[in-house]
Amino acid sequence: MSRQVRILGIAGSRRRDSYNRATLRAATELVPEGATIETFELDGIPGFNQDEEQNPPAKVAELKRRIREADAILFVTPEYNYSIPGLLKNAIDWSLARNLL
Ligand SMILES: Cc1cc2nc3c(=O)[nH]c(=O)nc-3n(C[C@H](O)[C@H](O)[C@H](O)COP(=O)(O)O)c2cc1C
């Protein structure tokens with residue numbers, strides 16, 4: 001039997017009644033057999049600081065670990081000013097920081 005494909009779902013909105021968070025919740029329920037979606041909340045991720053990239057804050061270290069453990073990442077995000085929200089961009093900046101992925 002082949003192993004489950006692990007998908008990490010990340011919403012680009014922290015809003016309580018966010019349509020994107022609701023969509024991600026629906027995706028976790030609708031995911032086809034053979035795959036799972038676990039979610040990660042971006043609350044508490046501090047603003048990126050390159051001085052800390054070698055020794056990141058605990059929440060960032062957790063995000064990076066969860067990304068490493070996943071086979072794929074599913075971003076579900078609103079558009080903010082013709083781009084992605086700063087919250088999500090910041091998390092991606094931390095995630096791609098040198099030596100840590
Ligand atoms: C600061 C800000 C910027 C936005 N910029 C855009 C935009 O460029 N294009 C767009 O279609 N909607 C834009 N919106 C609308 C959001 O995409 C919309 O409110 C969305 O539902 C927010 O996602 P959420 O429901 O998951 O919180 C913007 C909303 C905010 C608060």
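Which backbone atom lies 2.9 Å from an oxygen atom of the ligand? In this predicted model, it is a backbone N or O atom of tyrosine 19. Local features were taken at pLDDT of at least 70 and side-chain atom pairs only at pLDDT 80 or more, whereas totals for chains, interfaces and linings use all residues of the predicted model. Residues are numbered from 1 along each chain as its sequence is written, and side-chain values use heavy atoms, without hydrogens and water.

The residues around the ligand (a heavy atom within 4 Å) include Arg15, Ser18, Pro78, Glu79 and Tyr80.

The structure also holds 1 cavity of 30 Å³ or more, where a cavity is a set of points on a 1 Å grid over the protein atoms alone at which a 1.4 Å probe fits but cannot get out. About 50 Å³ of space lies in the largest cavity, the volume being the space filled by probe spheres set on the points. Its lining (residues with an atom within 4 Å of a point) is formed by Arg6, Ile7, Leu8, Glu38, Arg66, Glu69 and Ala70.

Key
1 Å grid on protein atoms, 1.4 Å probe; cavity = no way out; pocket = protein on both sides within 12 Å on 5 of 7 lines; lining within 4 Å. Polar contact = N/O pair within 3.5 Å; in protein donor to acceptor, adjacent residues only side chain to side chain.
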